[in-house]
Amino acid sequence: RQAAREDEERALRAAKELEQKQRKAVLLRSQLNSKIADHLSKQAQQTKVQLEGDWRDQFRLEETKENIQEELEFFRKTKQDLEEKSQEIDNKTEEIKAWLEETKNSPE
């Protein structure tokens, strides 16, 4: 009888320990899930902020690219105009030199 009672008490203690371990496991699982959810939330927010910054940068880069292309086109046209004017000046200079040579060699 004493042995049966001791077995019963041991079984009760074991059941209580098991219940306490299960409660602790549930609590730890809950804390872990909370930490994971918090971490994922923070990561999602950081990713969102980073993406928004990247999109802003991309938009600015596209705008800058367009501005640079417009400026390049302007400078190409200006260069072409200047080269044409320079050629005109060279031609007129040659004409003036030829005229001066003619007038220098012609009898007065």
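Is E73 buried, partly exposed or exposed, and why?

Tutor: Happy to! Keep in mind that this is a predicted model. E73 is partly exposed, because its relative accessible area is 47%, and a residue counts as buried under 20% and as exposed over 50%.

Now look at the partner of E73. The side chains of E73 and R76 meet in a salt bridge, with 3.8 Å from N to O. Both residues belong to helix 1 and are three residues apart, about one turn of the helix. R76 has a relative accessible area of 51%, so R76 is exposed.

The structure holds one aromatic pair. It is made by F74 and F75, edge-to-face, with 5.4 Å from centre to centre and 65 degrees between the planes. The angle counts as edge-to-face because it is over 60 degrees. F75 is partly exposed, because its relative accessibility is 48%.

Take E66 as one of them: E66 is found in helix 1, which covers residues 2–105. With a relative accessibility of 46%, E66 counts as partly exposed.

Let's compare your salt bridge with others. A search of the whole structure finds nine salt bridges. One of them joins D38 to K42, where the closest N and O atoms are 3.4 Å apart. D38 and K42 both lie in helix 1, four residues apart, which is about one turn of the helix. D38 has a relative accessible area of 40%, so D38 is partly exposed.

Another salt bridge links R10 with E6, and here the closest N and O atoms are 3.9 Å apart. R10 and E6 are separated by about one helical turn because they are four residues apart in helix 1. R10 counts as partly exposed because its relative accessibility is 46%, and E6 counts as partly exposed because its value is 35%. There is a further member to find here: E6, D7 and R10 are linked in a network of salt bridges.

A15 itself is partly exposed, because its relative accessibility is 43%.

Note on methods. Residues numbered from 1 in each chain as written. Predicted model: local features only at pLDDT ≥ 70, side-chain atom pairs only at ≥ 80, totals over all residues. Heavy atoms only, no water. Helix = DSSP H or I, 4+ residues; strand = E, 2+ residues; numbered from the N terminus. Buried < 20%, exposed > 50% of the residue type's maximum accessible area, 1.4 Å probe, protein only. Phe/Tyr/Trp six-rings, centres within 6.5 Å; stacked < 30°, edge-to-face > 60°. Salt bridge = Lys/Arg side-chain N within 4 Å of Asp/Glu carboxyl O.
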